[in-house]
Structure formats: C-alpha cells, structure tokens
Amino acid sequence: MAVVVKYVVERNGVERMTFTSKKEADAYDKMLDIAESLEGLLANADVPLSEQQVEGLALQIAKQKDEFMQVLKGAKPSENKAEKKPKAQDKDSQENVTELKAKEA
C-alpha cells in the first residue's frame, strides 16, 4: 500500500481543490486570496454588476494577474499574446490537480 500526500485548499469550510504538491496548493490559495480582495474592490465599482459577475470577474483577473499587470504597466495586449501559449510544465502540473465539488448542506 502506498502513502499519498494530498494538499487540500479549503475556503469557508468548502474544499476547493486538491493538489499533490504544497507549492501548487499555496499558489492556488494565494490566487483565491487575490480574487477575494478584488471582489471587494469590484463590488464598490460604479458599474452595475451582479454578485456572480463580480465573483467571476475577480477570479478571472486573479488567474491572469501577470497579464493584467503587464497591461496596467502600459504594455499593449498584443505583446502579451506570445506569453499566453501554455508551457509544457503547466500541462504537467495540471495533471496532478483534482477539482472537488462543493459539499451540499
């Protein structure tokens, strides 16, 4: 029998994702922290957005924070397209991720 170590990212009592490496789990947890902070910022925007739209937009910005940072620094979006190509390492790291469903109350 093999021993398997799993790292579970949990938010508000809900298991969000399971990883096989602590580094990947920490990175995902940090991304969720960023998304949570962005939700507060977007909720106060003068643009009428539903709660779902705010959550989705915040999560998407957090997932692509590096690309957003480049644009905010003045780079044109077309310059970032070359960086969007998935790396072989990214593909391998996604193989070790197991997405979990939210527990029904």
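Modeller: Two strands pair if DSSP finds at least two bridges between them. Strands (E, at least two residues) and helices (H or I, at least four) are DSSP runs, numbered from the N terminus. The model is predicted, so local features need pLDDT of at least 70 and side-chain atom pairs 80 or more, while totals for chains, interfaces and linings use all residues. Residues count from 1 along each chain as its sequence is written, and side-chain values use heavy atoms, without hydrogens or water.

Biologist: How do you know that β1 and β2 pair?

Modeller: Five bridges join β1 to β2 (residues 14-19). The cut-off is at least two, so they pair. The strands run antiparallel. R11 stands opposite V14 in β2.

Biologist: Why is V3 called exposed?

Modeller: Exposed means over 50% relative accessible area, buried under 20%, partly exposed in between (1.4 Å probe, protein chains only). V3 has 78% relative accessibility, so it counts as exposed. V3 lies in the segment before β1 (7-11). With V5 and Y7, V3 makes a nonpolar surface patch of about 300 Å².

Biologist: What span should α2 have, and what span does it have?

Modeller: The expected span is 1.5 Å times one less than the number of residues. For the 13 residues of α2 (residues 51-63) that gives 18 Å; the end C-alpha atoms are 18 Å apart, so the two agree.

Biologist: Which residues of α2 are buried, and where do they lie around the axis?

Modeller: V54, A58, I61 and A62 are buried. They cover an arc of only 100°, so they sit on the same side of α2. The arc is taken from the directions from helix axis to C-beta atoms. The face turned away carries the exposed Q52 and K63.

Biologist: How far does α1 reach?

Modeller: Helix α1 (residues 22-43) has 22 residues and reaches 31 Å from first C-alpha to last, close to the expected 32 Å.

Biologist: What makes its buried residues a face?

Modeller: Buried in α1 are E24, A25, Y28, M31, L32, A35, L38 and L42. They fall within an arc of 145° seen down the axis, so they line one face of α1. On the other side, K23, K30, S37 and L41 are exposed.

Conventions: Patch = residues over 30% accessible without salt bridge, like charges linked within 9 Å, V, L, I, M, F, W, Y side chains within 5 Å. Areas by Shrake-Rupley, 256 points an atom, 1.4 Å probe, with all protein chains shown as cover. Salt bridge = Lys/Arg side-chain N within 4 Å of Asp/Glu carboxyl O.
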